[in-house]
Amino acid sequence: MTYIGSNSFTDCPELTDVYCYAENVPQTASDAFDGSYIEYATLHVPAASIELYNAEEPWSLFGTKKATDGSTPEPPTPVICATPTISYVNGKLTFRCETEGAECIATITDTDVKTHYGNEVSLTATYTISVYATKAGYENSDVATATLCWIDVEPQSEGLEEDAIAEVKAMPALVQSVGGQVIVNGIQNGIDVAVYNTNGMKEGSAISVNGQANIPTGMTPGTVAIVKIGSKSVKIVVK
């Protein structure tokens, strides 16, 4: 190593240790470590060269200097954010991560949001949700996915005046897969829920209790499952 250019390590606020094995101090741009808070970082250099590094900026600005023994350090074991969970209550999606201070980044796609041609539009009212957790100093979590859909309830027209618009109700269903188990949340009690593979064979079924149905399956991760909730069918990828 003989030269480190301008802004080579600019804005690296998580920088904690720098190892430089060059016995002769490399020619280094004064702004090579700008914005990286090197006054709180440790510089590891050959023992015989510590004073040389102390006499040259920006190396002299490191908060701590330590002598290396000539060996390459083992890279730190990455810490991964916990995979977030997804819930839907009272019209609101909530993401939770057990990693304190982690931020959840979500992507929500709606297959109905597109251009339509013709006089009729079939609305599926289905959203695909994917979310991961991120935090400085941690690796991003695995991605959690869910499908949010609405199960039609018969329109309520009784008591309405002629030509009035009937009230169409729907109940939300949040469909997820964890460890081969399919979980459906948010539906009314007593709803039949069944899981089929793409060949039409039933993999499991349950009746919802306390707004939830849990269906263990033997399906392997990555396979497609068809979840039938009442008369509504939703495709998901088994996790």
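How many residues lie between strand 6 and strand 7 in their hairpin? Select both strands to find out. The model is predicted: local features need pLDDT of at least 70, side-chain atom pairs count only at pLDDT 80 or more, and totals for chains, interfaces and linings use all residues. Numbering runs from 1 along each chain as its sequence is written, and side-chain values use heavy atoms, without hydrogens and water.

**Stop 1: the hairpin**

The hairpin has 2 residues between strand 6 and strand 7. Strands here are DSSP runs (E, at least two residues), numbered from the N terminus. Pick N90 in the turn: its phi is positive, about 50°. Now show strand 7, residues 92-96; its pairing with strand 6 is antiparallel, over 5 bridges. Two strands pair if DSSP finds at least two bridges between them.

**Stop 2: the largest pocket**

Strand 11 supplies the largest share, 3 residues. The pocket holds about 190 Å³ of space, a volume filled by probe spheres set on grid points joined across faces, edges and corners. A pocket is an open set of points on a 1 Å grid over the protein atoms alone, where a 1.4 Å probe fits, with protein on both sides within 12 Å along at least five of seven lines; lining residues have an atom within 4 Å of a point. Of its 13 lining residues, select P84, A144, Q176, S177 and V178, the closest to the centre.

**Stop 3**

Strand 4 (residues 42-46) pairs with strand 5 over 5 bridges. Pick H44; its bridge partner in strand 5 is K66.

**Stop 3: T217**

Finish in the loop between strand 15 (212-216) and strand 16 (224-229), where T217 sits. Is T217 buried or exposed? T217 is buried, because its relative accessible area is 15%, under the 20% cut-off (1.4 Å probe, protein chains only). Its side chain reaches the backbone oxygen of G180 at 2.5 Å. A polar atom of that T217 side chain also lies 3.3 Å from the backbone nitrogen of M219. Beyond neighbours within four places in sequence, T217 contacts G180, V182, V195 and E203, with heavy atoms within 4.5 Å.

How values were computed: Helix = DSSP H or I, 4+ residues; strand = E, 2+ residues; numbered from the N terminus. Buried < 20%, exposed > 50% of the residue type's maximum accessible area, 1.4 Å probe, protein only. Polar contact = N/O pair within 3.5 Å; in protein donor to acceptor, adjacent residues only side chain to side chain.
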